[in-house]
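Thank you all for coming this morning. I would like to talk through how two chains meet, and I will take it step by step with the structure on the screen.

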Amino acid sequence: MERRQFIKNAAMASATVAATRLALGKDPPKPDSLPPTPGVTWDKAPCRFCGTGCHVQVGVKNGKVVAIAGDRKAEVNKGLLCVKGYHVGLALYGKDRLTRPLLRKGDRFEPIGWDQALEIVARRIFDDPEGFAIYGSGQWTIPEGYAALKLVKAGLGTNNIDPNARLCMASAVTGFLATYGVDEPAGCYDDLDECDVLIMWGNNPAEMHPVLFSRVIDRRSRGEKVTLIDIGTRRTRTSEHCQHHLLFKPHTDIAVANGILHLLLERGTYDRAFVEKHCRFRADSDPATLQGKEIGFDEFKRRLAEYTPERVQQISGVSAQDIRMLADLFGRRDLRITSLWCMGPNQHTRGTAINTLIHAVHLLSGHFGRPGDAPTSLTGQPSACGTVREVGTLAHALPGGLVVSQAEDRKKAEKLWNLPEGRVSGKPGPHTVELWRRFSTPKDEGGTINTVWVQVTNPARSLPNVNELFEPSRRIDGKFLIVSDVYPSATAQAADLILPSAMWVEKNGMVGNSERRTQQWFRMVKPPGEARDDAWQLIAVARKLYELGHPGMKDKDGRFLFAMEQGGVEVPVWDYRHYYDINVDSRLFEEYRTFTRFKHKDLAPYDEYVKARGLRWPVVEQPDGTWRETKFRFAGFDDPYVKKGQEFDFYHSTTKDGRAQIWFRPYQPPPEVPDAEYPFWLCTGRVLEHWHTGTMTMRIPQLRRAMPQAYVELNPADAKKLRVTSGDLVVLESRRGQLELPAWIEGRGAPPPGTVFVPFFDESLPINRVTLDAHDPFSKQPDYKKCAVRVRRSARRIARP
Amino acid sequence: MAISGLVITLDDDPERRRAALAALRADERLTLGEPTGNHLPLIAETRRAREGVELIEDLFTQPGVRFVDVVSVDMSDELEDGDPASADSVGDPSHEEG
């Protein structure tokens, strides 16, 4: 058979199997295997892009990725991918891959060797360790993040490390900690297959997590009844699929949640038995702390009394009838309700508050802990959970949920790392906004951070208020920016030193998705030129510091911090020629794994992940030697850590009695609201075609053509008043900065009057010159979803994008 | 040439469904399989894999198409033709993106 026809037959066979599975909700009688394309070898890997954690099969031929297929063995995506998954293989092959270390010389970059580059980095750190910080991301693999954390916390004895995930899910973390005493969702994606009602709180999964959303849409196609409710500030592609679209005024989701809580109490439709047995009530303390103070049920009810449907309507704009509809649903025991949220509630100056309130609605109504009954936050990056939240690459954290502020936790870390007592600092480092503020402030004015090493992220475009947090650093003498990246992002172009990185299947990797699922893959192709693994870069710099005589690079027995042996002989993994002599990922992971048992986040041995398409923690060894994952935490029917005979057990309860906390959080106005001078709300976010700041997706020509530049969505009534039509240039201005960009009216999203939306993917039109860096007091996560702006038609005109 | 396997979820409404099927049949880049319920397997052949991305976006906007899932993409022919960009190209920050 002709090769081409063979490939077509294989593609049709795969699509037919997938269609049958979607239609019937189960595998067809004879599922076939992967298309046996001639000359192509296949292996598994999670997709590079979002936090869903789809598994793909990667086809490699002659050292290049030539084919991608949805992995049928993957529970997350069951063989399906979204349009981003389609081009994930192409993300490797943009023409301007960085392939050599580059050192700034005035306005130019000059290629240098790796040894010189490592020497420069190590010298900067050695001369001023307190002034050095690493800024990473939820795109770090688990071993990479662990290596970075260990270099800083175990080696340098500071906590100057934070990730961009601070900007996307820190409020989800504080929400989980304040409610359950431990981070990450209790439920999992299986809830999407079981729920009767799916509520999306400020969430647009049709564009941002399409494979998860299609799972629900497919249930409907099979005739199942699923009610979809979108609670948001603008109409999106998700809204089109929903039976109910509830539009609220920015920031007032807190009032909406309080309205539901109030009605559950007033009507007596809350789950009294569940609440009495498993919950306590809390409210903010003075001074405010993450744990707050305990209040009784009566006090909780009294505080909520003002949130009548009519009052909530007045605050939020959501009709009293819709508030009652939501309370009706939560008041029913015969329904299963899942809530999803992502950036909407998280990028919020009251992010911790709204996160705890979504949990409160589920706990008070007892919609918790049965398949389909779950409050589940989603993440936007492939390892925001695995690397940031679990490894703990945050300024206050240690691996496995430990924190630097607790002496006991520091001792545990020092013991596992074989460090002298007192090496791990108890003083948390600066959180993201503070870190960059200090980097952008002269040393003699309190700018204590002088060198920042950025890996796997683009802060020049993703930080809020970049005019204040990023740009000044590039003009201050003595501030040195190191950037490890794959492409010349805006941050790389602003750097003093650029280190070329390997990406995705050019290296071994492990990540953790939104549902506690840890995933593994092997290197399949070589990186271009001299691009090298981020974990290697960290270990090689640590070795340089060791050679320079930095005392922190040795454990208490004098061994190198990243010493790795094979057959009793040390392998020089800091020398890239030997980096793949052993599986460094496996070694780092096995070391990290020892931390995960402290907070019941147990991970299985590395080899178990080689066999699986991910496993959801806690993964616990069974008497027969197999490893069992956990789908539903805190529920007796599934979680091995729930005490025998108990239906639920919140075993990390902050009140140490196995109970979860139901919070009262009052509605408070945001720090900046539209006024006569700046009359519009600005909301920022993503679009389907592009991921984050577009450094990968803008290099896919068709995606770039489909969505070539940023725009501002305007409501038609506002556009008419401003005498603006689609394609006209408008000036968008806040108290912090301004931007000229084309208007799009009646486009994909529909903002209500008085609101505008701008996506942040376009490096050439950086909306974060306009945004606000105000942040949540607990999570320190900034609010990208609302600030006040004014809009005017520009004197210049351009064609419509 | 890139070959993709896709599954389209068709609308419940018979009229919209018929219109969608007619439009899909008329697109010479597509070969339709046998639908199971609302789910239609098909293969798409495009000159470049990158054009396949655009095609999928177009399918999303087709009346009567509720959702598009990607099952596989094979671009081995395309790579043998010498595209996409060589993995050996040397990048630097002054280099325009490809």
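How much area do chain A and chain B bury between them? This is a predicted model, so please hear every value as computed from it. In that model the two chains bury about 5400 Å² between them, and 62% of it lies on carbon and sulfur atoms. The contact draws 65 residues from chain A and 53 residues from chain B.

Let me turn to the polar side of this interface. Between chain A and chain B there are 8 residue pairs in polar contact, counting pairs in which both residues are at pLDDT 80 or more. On the side of chain A that touches chain B, the elements that give two or more residues are α1 (3-24), β3 (64-70), α2 (83-86), α8 (210-221), α9 (237-241) and α27 (701-706) of chain A. Of these, α1(A) contributes the largest share, with 14 residues. As for salt bridges, the rule finds 1 across the interface, and it is formed by the side chains of Lys8(A) and Glu45(B), with 3.2 Å from N to O.

Now to the strands, where the two chains come together in a sheet. Which strand of chain B is joined to β3(A)? The partner is strand β4, residues 65-74, of chain B, which runs antiparallel to β3(A) and is joined to it by 3 bridges; within this pairing, Ala67(A) has Asp74(B) as its bridge partner.

Seen as a whole, the open sheet has 7 strands with antiparallel pairing, in the order β1(A)-β2(A)-β3(A)-β4(B)-β1(B)-β3(B)-β2(B). Its edge strands, each pairing on one side only, are β1 (41-46) of chain A and β2 (30-32) of chain B. On average, neighbouring strands are turned by 30 degrees against each other, with direction ignored. Within chain B, strand β1 (residues 2-10) and strand β3 (residues 39-46) run antiparallel and are joined by 8 bridges, and there Val7(B) stands opposite Pro41(B).

Finally, the helices that pack on this sheet. α1(A) touches β2 (55-61) of chain A together with β1, β2, β3 and β4 of chain B, and its direction makes about 155 degrees with that of β3(B). Helix α2 (residues 49-61) of chain B also packs on the sheet, touching β1, β2, β3 and β4 of chain B, and the direction of α2(B) makes about 165 degrees with that of β4(B).

Key: Residues are numbered from 1 along each chain as its sequence is written. Chains are lettered from A and ligands numbered from 1 in the order in which they are written. This is a predicted model: local features need pLDDT of at least 70, side-chain atom pairs count only at pLDDT 80 or more; totals for chains, interfaces and linings use all residues. Side-chain values use heavy atoms; hydrogens and water are left out. Contact means heavy atoms within 4.5 Å. Buried area is the accessible area (1.4 Å probe) that two parts lose on being put together, summed over both. A salt bridge is a side-chain nitrogen of Lys or Arg within 4 Å of a carboxyl oxygen of Asp or Glu. A polar contact is a pair of N or O atoms within 3.5 Å; within protein, one must be able to donate a hydrogen and the other to accept it, and residues adjacent in sequence count only if both atoms are side-chain atoms. Helices (H or I, at least four residues) and strands (E, at least two) are DSSP runs, numbered from the N terminus. Two strands pair if DSSP finds at least two bridges between them. Axes are lines fitted to C-alpha atoms, for helices over the stretch in contact, and angles run from 0 to 180 degrees between N-to-C directions.
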